Amino acid sequence: MNDLWTNRLSEYIDGELDNTERAALEEHLATCGHCYATLADLRQVIARAKHLEDREPAQDLWAGIRAGLTTDAPIPLRRDRLVRRRFSLTVGQLLAASIALVLMSGGGMWLAFRPDAQPSPIVQRGIESNETGNRNVARWRVQSDIAIAELQDALTLNEGKLDTATVRIVRENLAVIDRAISQAQHALRRDPGNTYLNLHLAKAMRQKIELLRRANALAGES
Amino acid sequence: MLTTLATLVAVSLTMPQGSGQGSGRGQGDSDTTVAVQQGARLDVNNFGGEIVVRTWNQNNVRVRASHSSRSRVEVSTSASTVMVRSQGRRGPPSIVELEITVPTWMGMSLSGTYTDISVANAGGAVTAESVQGDIEVTGGTGNINLKSVEGGVTLSKTKGRIEVNSVEGDITITDAVGDITVETVDGDIALIRVDAANTEVNTVDGDITYDGTIKAGGTYRFATHDGDLAVVIPPSACVSGSVSTFDGEFDPSFAVDTVRAGRHRITFAQSRCSSPARMELETFDGDIKLRRPGEVELEMPDRDKHQWKPHDNDFDLDLDLDLDFDINVDTRTITRYANQYAAQYAAEYAPKYAREYAKWYAPKAARKAARAVRRQLPN
């Protein structure tokens, strides 16, 4: 990945590049799959972050912060930051947030188990403890199962819009993936902690989700 | 603004037979040519039939269409887009064969439902999507995005960011430069003579073959559930990575440093350098083969491999009849002809395609059978 452009992706998303820079970056994106994937991840992070709910802090820290402030120092008025939540983060922050979101939304299993990854602190904490890792895996599986069930329900409702041959192809290939999932699960029952098998199962379930999404999208277009 | 200045020229192409290049075909044969400015794009949607795109050195787009009188083809142009749509006069359109010639520089977006798509010598970005149909593209630069549900995808001589996706069909990419992402569910994937720094290849039921560059700092991930992996690693490549297989063998044809990293996982390395290529190879049920250049037997799919497909939709029965017999028929007539000709064509084509399919599928079936037998044998 080209660091020159990677560091500018946040500005690109925020529309802060001039025309020349934007054109140059877009030209680079056309030939750099990783940069494009990173850009997509960052956009997803921003999109999801905008929908996060504000929560009350578990503990009121203001008293301690106030005590640590010198009374002479001017307090900057940044009403805009208070009023409008603007998500302009550095690439590092966005990547960290992206990893966190992936952990929450399904790819966590891959990140938690990937044997050779150079994990971020967020991920590192996830794999330091088997208990935490197992919780992540369990949560990920539940989320994936829910996603698959919802998509299958949607497809059941929508498949009447698809041509019978397409329905047949989708079903046949879902069966191919189900067979792969079943074999991976069977292997995992004998070796539950196996990293490769967990990752393989995750990959197969992702492929099932992708196929269901695509079939539903086709039905929606029909 | 380009869009506000756009001048729409809608041409309903219903010229009678014999007036153009389509003599002897359907009643709606037509031929039209429109001028385009540099930077314009082609946008085609053809419900069923074929989209064939060729290039030339003129700033004109020529659209030739062959179809029955029950369908029509509309060509509309603006400053930025040439749009081609097939439409039915009553209900969905029947088969329409489109032959389109465009400037070499032109980017294009081609889509269809029961549609084979073929592009030759493209010079711009290419997006092609079909539900049931093969896609074959040569050339193209920039974003190359090809998708089919049921159908093979063949891409060659291209440069850019390449994404290819199928559900049931083989994918073959040759002589390509750029980052590559490929995925299918049931099909083989072959990447031959590719120059890629980042490659991600996934299939569930199929073999994967990679014979391309292995660049310093690059990332190469290949995964299948049921199939073999064959990856060519040149002697000069500096690469480290892992192989994982649940029920298969790691089979390098040359000496390579390995360390067992788990019950089903081995790490390997060839050469030492500051920025090795990273390679991850996984198959649940299959062998992983590392080979030197020239050692991989390339099984290039026949371009017509998926040409014959037993579609059972309601729209394809009338296709050949429309075109071959040049008549406008209703469903009852179609049924009568189908019954009459099905047996005749089956007798004629079945042996031919049986031989053709046997040629391609027998080796794969044999490999699977061999694996199954191997598993039964004592170690």
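Helices (H or I, at least four residues) and strands (E, at least two) are DSSP runs numbered from the N terminus.

Before you click on, note that this is a predicted model: local features need pLDDT of at least 70 and side-chain atom pairs count only at pLDDT 80 or more, while totals for chains, interfaces and linings use all residues. Residues are numbered from 1 along each chain as its sequence is written, and chains are lettered from A and ligands numbered from 1 in the order in which they are written.

The mean for chain A is 69, with 52% of its residues at 70 or more. Confidence is highest in H11 (residues 164-190), at a mean of 92, and lowest in H6 (residues 79-83), at 38. Select residues 75-108 of chain A and you'll see pLDDT under 50 throughout, with 42 contacts beyond four places in sequence. Contact means C-beta atoms, placed from the backbone, within 7 Å.

Back to H11(A). Its buried residues include Ile169(A), Val170(A), Leu174(A), Ile177(A) and Ile181(A). Buried means 20 or more other C-beta atoms within 10 Å of the residue's own, exposed means 12 or fewer, and partly exposed is in between, with C-beta atoms placed from the backbone. What covers them? Among the covering elements are H12 (195-221) of chain A and, from chain B, E9 (126-132) and E11 (141-150).

Next, show the contact between the chains: 31 residues come from chain A and 33 from chain B. On the chain B side, E20 (239-245) and E22 (257-262) are among the strands that each supply at least two residues.

Move to E15 (residues 189-194) of chain B. Four bridges join E13 (residues 171-177) to E15, running parallel, and Ile173(B) has Leu191(B) as its bridge partner. Strands pair if DSSP finds at least two bridges between them.

Last stop: phi. Most residues other than glycine have a negative phi. Arg193(B), though, has a positive phi near 55 degrees; this residue sits in E15 and is partly exposed, with 15 other C-beta atoms within 10 Å.

Conventions. pLDDT is the predictor's confidence in each residue, from 0 to 100. Two residues are in contact if their C-beta atoms, placed from the backbone, lie within 7 Å.
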